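Subject: Structure handover

Hello,

Here is the structure you will be working with. Please open it first and then read the notes below it.

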Amino acid sequence: MLYLKEINDKDIEKEFLFVRDMPVDENGLTNKWNGITREDFENKALKEMTAFSKGENLPDGFVPETFLFLWNDDEIVGQFRIRHYLCESLRTGGGHIGYFIKKKFRGKGFAKEGLRLTLEIARTIIPENEIYLRVNKDNPASLKVMLHNGGYIKYEDEHKYYVRIKK
């Protein structure tokens, strides 16, 4: 069974391993905790991600951001992030939602279903009338996921498509 769960300390072992092994930057989704130790994950990363979802201890220019893990039964297959509202840099950049699917689970519909589940939650959080996403032009699979979930290309530049999904 596929489901989303917000980051929490009960699933720390599996969350730690997933976050530690996520790339530093893949297709625009960054992970500053790549290679982190278990101790630093518990004492720093987990606390920071939890605080960010509550809008606490945010660096200048950041907005609250909820960290969700996509689970397939008892295994984490992906991570989805919802930024609660847009600042100017998000409006013209990364948008509301970013996601990552572990390589061995790609091409199996996990991103499509994970984004659908994330959109259900995002619609209860995000105040804007549309949900903003961005995708690299060299990532057609992710664009297809967004379009399948009701997205349309609002505009594009040399390297990216800027996708909107009606709330």
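In these notes, buried means under 20% relative accessible area, exposed means over 50%, and partly exposed lies in between, using a 1.4 Å probe and protein chains only. This is a predicted model, so local features need pLDDT of at least 70 and side-chain atom pairs count only at pLDDT 80 or more, while totals for chains, interfaces and linings use all residues. Residues are numbered from 1 along each chain as its sequence is written, and side-chain values use heavy atoms, with hydrogens and water left out.

Helices (H or I, at least four residues) and strands (E, at least two) are DSSP runs, numbered from the N terminus.

The pair of helices α1 and α2

Helix α1 covers residues 12–21 and helix α2 covers residues 38–53; the two pack at an angle of about 90°, with their axes 10 Å apart. The axes are lines fitted to C-alpha atoms, for helices over the stretch in contact, and angles run from 0 to 180 degrees between N-to-C directions. Angles under 35 degrees count as roughly parallel, over 145 as roughly antiparallel, 65 to 115 as roughly perpendicular and the rest as oblique. α1 and α2 are therefore roughly perpendicular to each other. On the α1 side the contact (heavy atoms within 4.5 Å) is made by Ile 12, Glu 13, Glu 15, Phe 16 and Val 19, and on the α2 side by Arg 38, Phe 41, Glu 42, Leu 46 and Met 49. Sorted by class, this contact has six nonpolar, no polar and four charged residues. Here Ala, Val, Leu, Ile, Met, Phe, Trp, Tyr, Cys and Pro count as nonpolar, Asp, Glu, Lys and Arg as charged, and the others, Gly among them, as polar.

Which residues of α1 are buried? They are Ile 12, Glu 15, Phe 16, Phe 18 and Val 19, and they pack against β1, α2, β4, β5 and β6 (97–101). In α2, the buried residues are Phe 41, Ala 45, Leu 46, Met 49, Ala 51, Phe 52 and Ser 53. Their cover includes β1 (2–6), α1 and β4 (65–72).

The loops

Gly 35 sits in the loop between β3 (29–30) and α2. At 51% relative accessibility, Gly 35 counts as exposed.

Just after α2, Gly 55 takes a positive phi of about 75°. Asn 57, in the loop between α2 and β4, has a positive phi of about 55° although it is not a glycine. Asn 57 is exposed, with a relative accessible area of 68%. Asp 73 is not a glycine either, and has a positive phi of about 60°. Asp 73 is found in the loop between β4 and β5 (75–83) and is partly exposed, at 46% relative accessible area.

Two other places

Asn 136 belongs to strand β7 (residues 130–136) and is buried, with a relative accessible area of 14%. Leaving aside neighbours within four places in sequence, Asn 136 is in contact with Asn 27, Gly 28, His 159 and Lys 160.

Lys 144 is in helix α5 (residues 140–148) and is exposed, at 64% relative accessible area.

Regards
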